[in-house]
Amino acid sequence: MNKPVRGSLLGIEHLEQNEILGLLKLARRMNPQKPRPLLRNKRVVLLFYEASTRTRSSFEIAAKSLGATTTLVQSSGSSVEKGESLIDTGYTLRAVGADVIVIRHPSAGAPELMAKHLDIPVINAGDGMHEHPSQALLDTFTILKHKKTLKGLQLAIIGDIVHSRVARSACHLLTKFGVKITLCGPPEFVPEVAATLAPGLRISRHPEEALRGVDVIMLLRVQKERLAGQKIGLQEYIAHYQMSPARLKLARRDAIVMHPGPIIRGLELTSEVADGAQSVIVDEVRNGVPVRMAILARAVGKAK
Amino acid sequence: MLTAKNQKRDAASLLIKGGHVIDPAAKINAPMDILLRDGRVAEVALPNKTRGGADEKFDARGSIVAPGFIDLHVHLREPGQSHKETIASGTAAAAAGGFTSVCTMPNTSPVVDTDEWVAWLRRPERGAVVNVFPIAAATRGSRGQSLTDFAALQRAGAVAVTDDGKPILDDEVMRAALRLGAELNLPVVQHAEDTRITEHCSMHEGPTSFRLGLRGMPAAAEASIVDRDVSLAQQIRESRLHVAHLSTSDALKAVRRGKRARARVTCEVTPHHFTLLDSDVGEYNTNFKMNPPLRSASDREAILVALADGTVDAIATDHAPHAAHEKQVEFEHAAFGITGLETALALAITKLHREHKIPLARIVELFTSGPARVFDLRGRGSLQRGNFADVTIFDPKKRWTFDAVKSHSLSRNTPFDGWQLTGKVVATIVGGKMTYPAD
């Protein structure tokens, strides 16, 4: 067992402010239309144990536009189905020539485990309920396109926080830069312990309270199956927490609405909000490419 | 240091000279010499006042001489899982840790739920170097439904029954187990965990599990079962309930309630629960994954108080060896459990005695007369004349570093690798025979 190789990105929690700023700066210099071949002759393996549309395609496009070759390995149809361990899969991919592994895995800590056993960088593309660092970076990148600075911004995250790696990474990242975050949802989704994740987190059960005067609203997907058996039912969730044009008016006039996707129209938000002028949901997806180009360039590129 | 008139290792008599004897059951805490003969304690006398001669002498100057330590909770993995541990390797680790007796858990493959398997565990071919007292399954296959034949298991040598690793959830089954145990004076050991609310959980529920995105076991999952069991023990006359590896403050409250009501309720605590916290899991270190999980600071505080004030009856290791490949996997998929036999005494001295000022005599009690009483191990847990010649000699001041690679266990899954500890076993004598250090 060793320390993860430099250039690995396992989570936001343990990143320093300057590392985050460095990545964001690098991302601003990345132009998917006019890329530099920073990853020429590099092999990027996309190891996906879970379904993914935007993260996978965005990492793939980012890698290819920098001149790398990419290989997609999914758990179904691979040796994983035959019982190969995660570490052995890592050794195998290293042996066939991977220069960096981008991993999405349903178990929290899986990228950490792989990184401790490999001598190449490992990038976490989402691990269980733990972290989704590239999402937090692209969200920050997106916020900074609309807001001058992070310090002092007010942000509300509404939805299923407890099951969300996006929320955890966002809380770690944004609180490092002085963003004031309110986590909003029923106790099933936002337990009291959530406030211990990062300094200065607040919990509110009422969107009317959480939204007042905020600069950024981050909505999270609500999985219907997770509402099954809970005290709060689907209709009640919609009545209390759904982002509607009326609720949006409580936020600042220039507030932006974010969502990591996939969005479920009619559940956590209405179509009017999703497609409205304040929505930056599609921008987030677009910004994923330069941010992931920066992450890959930092991991294995010549220019760091 | 062993000086022998004749070099025979299996000397019929051994004089332990110059040590400081701590024998809480006999209320001895003084410099004494001890003469062992024919597998029994022959004399306990003031220094240089033993009357009988000895074939061999052991110079115990600077050391504490205590009754042989008893571990109420070990997994030696036989039958069926000898890639993790064997009775031979596990008892060698026990001897190195100062334990002269270990009580083995029945969650092997197959489960020890018949008198034949109990007898199998005790056969000389198993190669045990310390005393092995099997604990048998309380229900057939430990499936929690129909009780095993307690009387036959007891006749074959089982000292208690349990479904360890799994709890007995059904109220009626637990009631029946305690009732039958009461008739036979046989303790029922419960692994207290409401598994209906801990499914897919891999650590304690708290800020660390939230941070790591791992599903957490609430403290209440333990306390609710202990609470129910104590209530049952209070209702059923003469029943004996032993709470295994107690880890939460609320479970302790239930045990205290039972003890105040004079129910025959006992409990044990592990070294890792009085030493570590849930936050020590760090970044998914699977050597900190066990069940019950490492708990919060307030739980540990309550455990320390209970160790000092007498509520806890025994320190037990829950020695749970696993092969490297069973631990070097995703945290959620890693096996629960850590080894513990070789670090228990040193952790007790380092943490309980030096850091928390619990007297050495109380610590010795938690390793000797305390556990002996829990399972009625007659003739053990004290060095009174006529008792078995099981002796643990240790240096309470010796500083050393635990190196997992040098462990006598077949497995290396310990969170204490590389720890600097104080207090080391000097010699372990089982039935009058010098067992550790081996030749």
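Predicted model: local features only at pLDDT ≥ 70, side-chain atom pairs only at ≥ 80, totals over all residues.
I started with Lys357(B), which is exposed, having 8 other C-beta atoms within 10 Å.

Residues are numbered from 1 along each chain as its sequence is written, while chains are lettered from A and ligands numbered from 1 in the order in which they are written.

Back to Lys357(B): I looked up its phi and got a positive value near 60 degrees, in a residue other than glycine. I found Lys357(B) in the loop between α11 (344–355) and α12 (360–367) of chain B. Helices (H or I, at least four residues) and strands (E, at least two) are DSSP runs, numbered from the N terminus.

Next I checked His245(B), not a glycine either, and its phi is positive at about 25 degrees. His245(B) is in the loop between β14 (240–243) and α7 (249–260) of chain B. I noted His245(B) as buried, with 24 other C-beta atoms within 10 Å.

Then the cis peptide bonds. I have one joining Glu78(B) to Pro79(B), omega about 5 degrees; Pro79(B) is in the loop between β7 (69–74) and α1 (87–96) of chain B. I have another joining Ser109(B) to Pro110(B), with omega about 5 degrees. I placed Pro110(B) in the loop between β8 (99–104) and α2 (115–122) of chain B.

Technical notes: Buried ≥ 20, exposed ≤ 12 C-beta atoms within 10 Å, placed from the backbone.
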